[in-house]
Every structure is written in C-alpha cells, then in structure tokens.
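Here is a short briefing on one protein chain. Keep the sequence and the 3D view open while you read.

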Amino acid sequence: MSVYPKIYVAGHRGMVGSAIVRQLLAQGHPAKRIVTRTHAELDLTDQAAVRAFFAIERPDQVYLAAAKVGGIHANNIYPAEFIYQNLMMQANVIDAAFRNGVRNLLFLGSSCIYPKLAPQPMREDALLTGTLEATNEPYAIAKIAGIKLCESYNRQYGESHGLDYRSVMPTNLYGPGDNYHSENSHVIPALIFRFHEAKVNQAPNVTIWGTGTPKREFLYVDDMAAACLHVMNLSQATYRQQTQPMLSHINVGCGHDITIRALAETIARVIGYMGDITFDPAKPDGTPRKLMDSTRLNTLGWQVKVGLEEGLEKAYEDFLKNYAVQP
Ligand SMILES: NC(=O)c1ccc[n+]([C@@H]2O[C@H](COP(=O)([O-])OP(=O)(O)OC[C@H]3O[C@@H](n4cnc5c(N)ncnc54)[C@H](OP(=O)(O)O)[C@@H]3O)[C@@H](O)[C@H]2O)c1
C-alpha cells in the first residue's frame, strides 16, 4: 500500500485546480497518486456519473476546485446556471465522497459569500449576517450551501465515519491559467491584456474605468494552492482550535489591499508600458474596499510567499507564452 494518499483534484484544468496539482507535485506527491477527470470525461452535475467515478477510484482525499465561475456580466445573464451547476457539483461530489469513504475533503468557496456591507476586513463570522451583493447572489448562495454541506456531513458523520470536510474562501486570485477573455475577465487579467495591447500598438494612453481609488486584495494562485494543502493537512485538533462546527470556513488572503490606481501602475511597470494612465470617473467604481481578514489562517501557521510585483511578473510570463497573439 502506498504511503501517499490517493488525491482527486476536481477542476484540475482550471486556474486553481491546476495550481493545486502543481503544488502537490512540487511537494513530492507522486503523479500516479493524483486522480483527475476533465469536464468532458466527467460532468460533475451528473449524480450517477459522479457516484460511479468515486466507487471506482475511491480516493482518500478530495480538493473540490471545480465550479462554474464568471464575472458580473456572466452572473447577471446566467444566474440559473450559476446556482444550479454549483449546487449540483458540490452536492454530488461531497455526497459521493462520503458514500465512498473519503475522510478528507477541501471545498473552495469565494469572498462573495460575505454580506455586501460586511465590516472590513471581512472576518469568517460575517457569514450570514446581512444581505448579499445582488449581482452574484445565486453564486454566493451556492457557495454558502457548499460550506454548510461540509459542516452538516461533519456533524452527522464526523464521529461515526471519521469525516473531516473543510472549506477555504479565497480572495481575488491571479496567475498562470487565468481567464483573459476580455468580456468576462477579472481586473488583473483584464489590465494585463489592455496594457500589453497598448504596449504592442504603442498607444499613448490607457483609460481605466472609475476613479482608481477603490481598494482590492489579490493573491497569487500558487500561494492559494499552498494554503489549500496547508489547511487540508492540519491535524484535526489544530483545525478545531480555530473553527467551530457551524463556523468552519477559513479565509485565504494576503492581508492587505491596494488601490486600482496603484495596481494599474504596477502592471504597466511589469509589462513595460511607457504611456499615460488616465481614469474615467464617469464610470462606476464598485464597492470602495474589499479585504479579507486572514488571521485564522495565519494563526494556523500559513503565510504569503509571493509579493504582488513578483506574482504579476510570473502572470505576464504565462500570458506571453500562452495567450498573447504572437507578432
Ligand atoms: N479565480 C479567482 O479569482 C477565484 C477567487 C475566489 C474563489 N475562487 C474559487 O476557486 C475555484 C476554482 O476557480 P478557478 O478560478 O480555478 O475557475 P476555473 O479556472 O474556471 O476552473 C474551474 C474548473 O471547473 C471545471 N468545471 C466546471 N464545470 C464543471 C462540470 N460540470 N463538471 C466538471 N468540471 C467542471 C472547469 O472545466 P471546463 O473549463 O472544462 O468547464 C474548470 O476546469 C472556484 O470554486 C472559485 O469560486 C476563484
């Protein structure tokens, strides 16, 4: 019998799932003890297929990084898909994991689970204390249900079946494998794309929506993957010191935020764009500040490794290699 657990990474071709696989390999986990399936091979919304997969593979651990993910635009147009697919995927995976003897599972949520007006920085106990942001409410409700699925299975089957299902809530992530599709991308890939284009075309100016004053937090995706392994591998006693049975999720952030203006200037510097950056205050700013309180995770012994500028350099390298139109 192998000393290494058999690990299923759901969503291994996504930005986070692929970083988790990289991190497992980097930490010496043998590739043959990692199980993956593409979306085409296994549709996680299909309960029968998910049950059959778990019955055959019988993994020891699961990282649940598969999800239907998108920006404000997609969340607005396809709310039914966002709530239905995410609820189905996580319910199918968590229940099939339980039925097939998986003791350790890590569910990935998102900072959008917190109320729109949650005090900043947002602590884990802000969950379910207020109204959610309307634009991604269906997605957020699915993610909250994912946390509650893990907690409920632990409460009902933890003692009898040795179940220990945990949840992590990442802040905004960026890095290799990001989505550069212009309509639907997050702020960092969108700015990398725009500044790269402006540099190639020698555009004298790049105009950015809003005043540039809102502050946001960003984490390099390999740091996120390292945090996932860290949380998965904590002893139960240590994990329980920082969590409660019905307040069990853990925030994952770098602990500080940056203005959109400073972010844009950093990205321009990393890319080597020499033109002007202007802001269009007539366009909406969004919420002034969104920062996670990651004290729980830091108390559990995890620290950020990759600074913003270093992370952006790596992200741009990946963009040039895999996404930029070659001249
Ligand atoms: N990216 C961020 O900034 C961020 C921030 C906070 C939280 N998160 C969380 O981190 C997790 C992963 O996000 P990500 O950025 O890595 O997303 P991603 O790049 O879109 O990856 C998601 C993966 O899930 C797969 N998937 C979707 N529907 C599926 C289905 N029905 N059956 C099987 N596989 C399916 C996708 O495969 P296909 O592409 O083939 O459909 C893709 O490989 C999500 O839970 C997300 O909420 C991400």
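A residue counts as buried when its relative accessible area is under 20%, and as exposed when that area is over 50%. Tyrosine 174 has 1% relative accessibility, so it counts as buried. The model is a predicted one.

- Strand β5 covers residues 164–170, and seven of its seven residues are buried, so the strand is largely enclosed by the rest of the structure.
- Asp164, Arg166, Val168 and Pro170 point one way from β5. Tyr165, Ser167 and Met169 point the other way.
- Strand β4 (residues 104–108) pairs with β5 in the parallel sense, over five bridges. In this pairing, leucine 106 stands opposite arginine 166.
- Strand β10 (residues 250–252) also pairs with β5 in the parallel sense, here over three bridges. Methionine 169 stands opposite asparagine 251 of β10.

**Helix α9**

- Helix α9 spans residues 260–271, which is 12 residues. From first C-alpha to last it reaches 16 Å, close to the 16 Å expected at 1.5 Å a residue.
- Which residues of α9 are buried? They are Ile260, Leu263, Ala264, Thr266, Ile267, Ala268, Val270 and Ile271.
- An α-helix has 3.6 residues a turn, so residues three or four places apart point the same way.

**Aromatic contacts**

- A search of the whole structure finds 14 aromatic pairs.
- In one of them, phenylalanine 98 and tyrosine 153 have ring centres 5.6 Å apart and planes at 70°, so the pair is edge-to-face. The pair links distant parts of the chain: phenylalanine 98 lies in helix α4 (residues 79–99) and tyrosine 153 in helix α5, 55 residues apart. Phenylalanine 98 and tyrosine 153 are buried.
- Tyrosine 174 and tyrosine 220 form an edge-to-face pair, with 5.6 Å centre to centre and 65° between the planes. This pair also links distant parts of the chain: tyrosine 174 is in strand β6 (residues 172–174) and tyrosine 220 in strand β9 (residues 218–220), 46 residues apart. Tyrosine 220 has a relative accessible area of 3% and is buried.
- Tyr180, Phe193, Tyr316, Phe319 and Tyr323 form one aromatic cluster.
- Lysine 68 lies over the face of phenylalanine 82, at 5.1 Å from the ring centre.

**Cysteines**

- How many disulfides does a search of the whole structure find? It finds zero.
- Cysteine 112 is in no disulfide, and the nearest cysteine sulfur, that of cysteine 150, is 16 Å away. Cysteine 112 is buried, with a relative accessible area of 6%.
- Cysteine 254 is in no disulfide either, and the nearest cysteine sulfur, that of cysteine 228, is 15 Å away. Cysteine 254 is buried, with a relative accessible area of 18%.

**A three-stranded sheet**

- An open sheet of three strands has the order β11-β8-β13, with mixed pairing.
- Its edge strands are β11 (258–259) and β13 (289–290), and each pairs on one side only.
- Strand β8 (residues 215–216) and β11 run antiparallel and are joined by two bridges. Arginine 216 stands opposite isoleucine 258 in β11.

**Backbone details in loops**

- Glutamine 120 and proline 121 are joined by a cis peptide bond, with omega about -10°. Proline 121 lies in the loop between β4 and α5.
- Leucine 128 lies in the loop between β4 and α5. Leucine 128 is not a glycine, yet has a positive phi of about 60°. Is leucine 128 buried or exposed? At 58% relative accessibility, it counts as exposed.
- Glutamine 202 is found in the loop between α6 (187–200) and β7 (205–209). Glutamine 202 has a positive phi of about 50° although it is not a glycine. At 70% relative accessibility, glutamine 202 counts as exposed.

Methods: Residues are numbered from 1 along each chain as its sequence is written. This is a predicted model: local features need pLDDT of at least 70, side-chain atom pairs count only at pLDDT 80 or more; totals for chains, interfaces and linings use all residues. Side-chain values use heavy atoms; hydrogens and water are left out. Buried means under 20% relative accessible area, exposed over 50%, partly exposed in between (1.4 Å probe, protein chains only). Helices (H or I, at least four residues) and strands (E, at least two) are DSSP runs, numbered from the N terminus. Two strands pair if DSSP finds at least two bridges between them. The expected span of a helix is 1.5 Å times one less than its number of residues. Rings of Phe, Tyr and Trp (its six-membered ring) pair if their centres lie within 6.5 Å; planes under 30 degrees apart count as stacked, over 60 as edge-to-face and the rest as tilted. A charge sits over a ring if NZ of Lys or CZ of Arg is within 6 Å of the ring centre and within 35 degrees of the ring normal. A disulfide is a pair of cysteine sulfur atoms within 2.5 Å.
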